[in-house]
Amino acid sequence: MPTPYAYFKKLHVPLAEAKIDYEIRKIEWSYQHTLLETRESLKKTNAIPEQLYLESLNSEMKHRREYDVARDKLLIYGLNDREIAQVDHEVGSAKAKMTLR
């Protein structure tokens, strides 16, 4: 006999969209973070103008915030850290599966 706390799986399109958004934001932030690290070393040797470095810094901070917001959406849907870490490995309709608790 199932308990009231049994897990049920169903498809949830907004969850799939949130997972896809999370993946995109993660990739964008990762790129901007790597670019910033590269430009930090170039700035130290005055190989790039200060303005270019500051633009990179601003872009990295913006993309980091968008990534954090996308991750927060998944937390709101009830995913835990382990489930969020698995998002990158889900394909197709697996992204739309939601476990009701």
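This briefing describes the fold, the salt bridges and the nonpolar core of one protein model. The model is predicted: local features need pLDDT of at least 70, side-chain atom pairs count only at pLDDT 80 or more, and totals for chains, interfaces and linings use all residues. Residues are numbered from 1 along each chain as its sequence is written, and side-chain values use heavy atoms, with hydrogens and water left out. The protein comprises three helices and two strands, and a search of the whole structure finds 10 salt bridges.

**Fold and surface**

- From the N terminus, the elements follow the order β-α-α-α-β; helices (H or I, at least four residues) and strands (E, at least two) are DSSP runs, numbered from the N terminus.
- Of the 101 residues, 27% count as buried; buried means under 20% relative accessible area, exposed over 50%, and partly exposed in between (1.4 Å probe, protein chains only).
- The accessible surface of the protein is about 7,200 Å², and 58% of this surface belongs to carbon and sulfur atoms; accessible areas come from the Shrake-Rupley method with a 1.4 Å probe, and for residues only the protein chains shown count as cover.
- Among contacts (heavy atoms within 4.5 Å) between residues at least 6 apart in sequence, 75% join residues at least 24 apart.

**Salt bridges**

- A salt bridge is defined as a side-chain nitrogen of Lys or Arg within 4 Å of a carboxyl oxygen of Asp or Glu.
- In general terms, side chains of opposite charge can pair when their charged atoms come close.
- Lys 26 and Asp 88 form a salt bridge through their side chains, with an N to O distance of 2.7 Å. This pair links distant parts of the chain, 62 residues apart: Lys 26 is in helix H1 (residues 13-44), and Asp 88 is in the loop between helix H3 (81-86) and strand S2 (97-100).
- Both partners are partly exposed, Lys 26 with a relative accessible area of 28% and Asp 88 with 34%.
- The side chains of Glu 50 and Lys 43 also meet in a salt bridge, at 3.8 Å from N to O. Glu 50 is partly exposed at 42% relative accessible area, and Lys 43 is partly exposed at 29%.
- Asp 68 pairs with Arg 64 in a salt bridge whose closest N and O atoms are 3.2 Å apart. The two residues are separated by about one helical turn because they lie four residues apart in helix H2 (residues 50-76); Arg 64 is partly exposed, with a relative accessible area of 32%.
- Salt bridges that share partners join Asp 21, Arg 25, Glu 28, Lys 62 and Glu 66 into one network.

- Asp 21 lies in helix H1 and is partly exposed at 22% relative accessibility.
- The C-alpha atoms of Asp 21 and Tyr 67 are separated by 8.7 Å, although the residues are 46 apart along the chain.
- Beyond its neighbours within four places in sequence, Asp 21 is in contact with Ala 70 and Lys 73.

**Nonpolar core**

- A nonpolar core is a set of buried Ala, Val, Leu, Ile, Met, Phe, Trp, Tyr and Cys residues joined through side-chain atoms within 4.5 Å.
- The largest such core has 10 residues: Leu 15, Ala 18, Tyr 22, Trp 29, Tyr 67, Ala 70, Leu 74, Leu 79, Ile 84 and Val 87.
- H1 and H2 are the elements that give two or more residues to this core, and H1 supplies the largest share, four residues.
- Apart from neighbours within four places in sequence, Leu 74 is in contact with Leu 15, Ala 18, Lys 19, Tyr 22, Leu 79, Ile 84 and Val 87.
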